[in-house]
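Let's take a walk through this one together. Have the chains on screen and follow along.

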Amino acid sequence: MVTQEMKNQIDLSAIIIYYEKYLYDDVKELHKAYKASLEASQLNYEFIYVVDGELPAVIDELNKLYKLGERIKVVKLGKWFGDATALQVGFEQSSGELILTLPSYKQVDENDILRLIQAVNNKDMIISWRWPRLDGMLNNFQSGVFNKLIKLIVGSDFHDLKCVVKIFRREVLDKIYMYGDQDRFLPLLADKYGFKVEELKVTQSKKDAVQKFYPFANYIARFLELISIFFLVKFTKKPIRFFGSTGLITFGMGFILAIILFVERIFLGVALADRPIVLVSILLMIFGIQAFAIGLVGELIIFTHAKDLKDYVIETIVDYENAPVNEEKHQEYPQHV
Amino acid sequence: MDLSVVIPVYNEEESVNFLYEAVTKALFYLNRPYEILLVDDGSKDDTYQNALTLASSDSRLKIVKLKRNYGQTTALHAGFQNAKGKVIVTMDGDLQNDPDDIPLMLNKMDEGYDIVLGWRHDRKDFFISRKLPSKIANWLIRKVTGIPVKDNGCAIRAYRAEVIKNFPMYSEMHRLMPVITALVGAKFAQIKVKHHPRKFGHSKYGLSRIYKVLLDLVALKTIFSFFYIPLFGFGFLALASGLISLVILTIGILFLFIYPGQSLVTLFGASALFASLSLFLYFLGIMCHLIYRTGNLKIENLYRIKFR
């Protein structure tokens, strides 16, 4: 018998983030399209709309939807906090075992959303890979370079991190904390944590296939993100290995330089008073000390907070508490005293 | 529960059965309630299936299966967190350790030690690739910490559970654990253990990573030695570097009067650089203070003995 409570059990929460700088389609139309895909999946679903910043028009539309009796939750953030934070907020409001993130405009073909939901089956996360790309050379080139860089730096081989359409298990966001703009790196971090992440080729929608130029600051932000992700993935728990090595190398360079200058001064009588190279040598040594010291501080942070940093996932614990102890088996061993 | 034997295994499908047999055999005459925790560190072969078959007929065998391969430290941590014994014994899953040593270690422990370490005095490994790097590493660790642990790489160890349950396990901490627990005051003993050549598979740990382990060690030693000094010792470094700055500045000013007209760029520059270093270190010291205050793990709480 299906009780009311079971009926209300949510299997899948779809989170849609609205942000003023993004494209967005007609809210009603989009909701209808998404709803059709989720309906086809035969899962119990809910919609969570997160409005990141001031978008009165969208809020109005969502209100209308709500009054029409749609099962939606709307969360509005006071100011713009970034996609990752918006996703966290949406996640906190959600109750589904599966989380599906959807863009505020049609990015992929609707049928593919259904395919994505079906593909998650025994995996932890499925991300979509828009292929073949319909947009122009420029977009292709941009994201190509970005993905190549990520592959080079982190070693993960994902083709389309920018695509918003992703589905993952609740556990993934329970374990991984993100903020600001890091949401696009969720698959990388999840992969590193040990979750099973896979790509699914999807058809790009025509609406998505527009040439996009980004403001220059965007590229710089991307680049900085790359660096931070590099640290997140490689050195989170061993800062001294990075800072310490850097520090030792620079200190060593400065020290060797100092010795050379010293020898020159004592044996060759080269005056040092007006040679800037002396300052370079001292600067290198000082930088070395600073880097090493920062590494030590990093280690202190890790050490004192290590309990919060449990970054592994236990798949199963097998404990046959009630399984019989096979006593006979132990009688075979010869007595030795 | 008296005893938990935690064994991380990674791709040991052939060894698992032998391992189980050997351990149960060794513990049979001990007459203590015990459990064996196999931590499957994301094996890609049939290790888990084999272990599962064994576990279904023996409730004392438990399996903790990790989602992927995380390395030995993490595997051990997962094992410790799920172990229920008062004493926790760790060993390698590759049959190179001999479980028959476990009763000996427990006897030693009853003499009042917190940790009993195995020491492979007759090690069955290649000299150049395994034994030599390990000898150098052990020597270095002894020199840096002053703690006379003979064999930091030996996996067979017995710990009192309360000594390690609170222990932060990250990076490659498991190698340094004896040294670090000794640094906070745990009493340790070392006994000679048997060591067998590898039967199956190949060694999963590459050539020794002495350099990395040493860096980790320097960091930890610094943290442990300086945490009770104001500003974590950075205060003293800051003072020293401030002093250097002042000395150079004085020399510069003297030169100004003794040799007027000579260029003083380097002297004043150097003085300024050391002054900035001094400030930087002072600030870092304050940061350390903040971090330590807000952290949830205090070094002084790491080792607490409950008297029974």
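**A walk through chains A and B**

The centres of domain 1 and domain 2 of chain B, taken over C-alpha atoms, lie 43 Å apart. Domain 1 of chain B covers 3-225 and domain 2 covers 228-301, with bounds from an automatic or database domain assignment.

A quick word on the ground rules. This is a predicted model, where local features need pLDDT of at least 70 and side-chain atom pairs count only at pLDDT 80 or more, while totals for chains, interfaces and linings use all residues. Residues are numbered from 1 along each chain as its sequence is written, and chains are lettered from A and ligands numbered from 1 in the order in which they are written. Helices (H or I, at least four residues) and strands (E, at least two) are DSSP runs, numbered from the N terminus.

Now look at helix H1 of chain B, residues 15-28. Its 14 residues reach 20 Å from first C-alpha to last, close to the 20 Å expected at 1.5 Å a residue (that is, 1.5 Å times one less than the number of residues). Its buried residues are B:Ser15, B:Val16, B:Leu19, B:Tyr20, B:Val23, B:Thr24 and B:Leu27; buried means that 20 or more other C-beta atoms, placed from the backbone, lie within 10 Å of the residue's own. They cover an arc of only 150° around the axis, which puts them on the same side of H1(B); the arc is that of the directions from the helix axis to the C-beta atoms. Why does that kind of spacing work? An α-helix has 3.6 residues a turn, so residues three or four places apart point the same way. The cover over the buried residues of H1(B) includes strand E1 (3-9) and helix H4 (101-110) of chain B.

Strand E1 (residues 12-19) of chain A pairs with E4(A) in the parallel sense over 5 bridges (pairing takes at least two DSSP bridges between the strands), and A:Ala14 stands opposite A:Leu100. E4(A) also pairs with strand E6 (residues 166-169) of chain A, in the antiparallel sense over 4 bridges; here A:Thr101 stands opposite A:Lys166.

Finally, the chains meet. E8(A) and E3(B) pair in the antiparallel sense over 5 bridges, and A:Val318 has B:Ile63 in E3(B) as its bridge partner.

Key: A residue is buried if 20 or more other C-beta atoms lie within 10 Å of its own, exposed if 12 or fewer, and partly exposed in between; C-beta atoms are placed from the backbone. Two residues are in contact if their C-beta atoms, placed from the backbone, lie within 7 Å.
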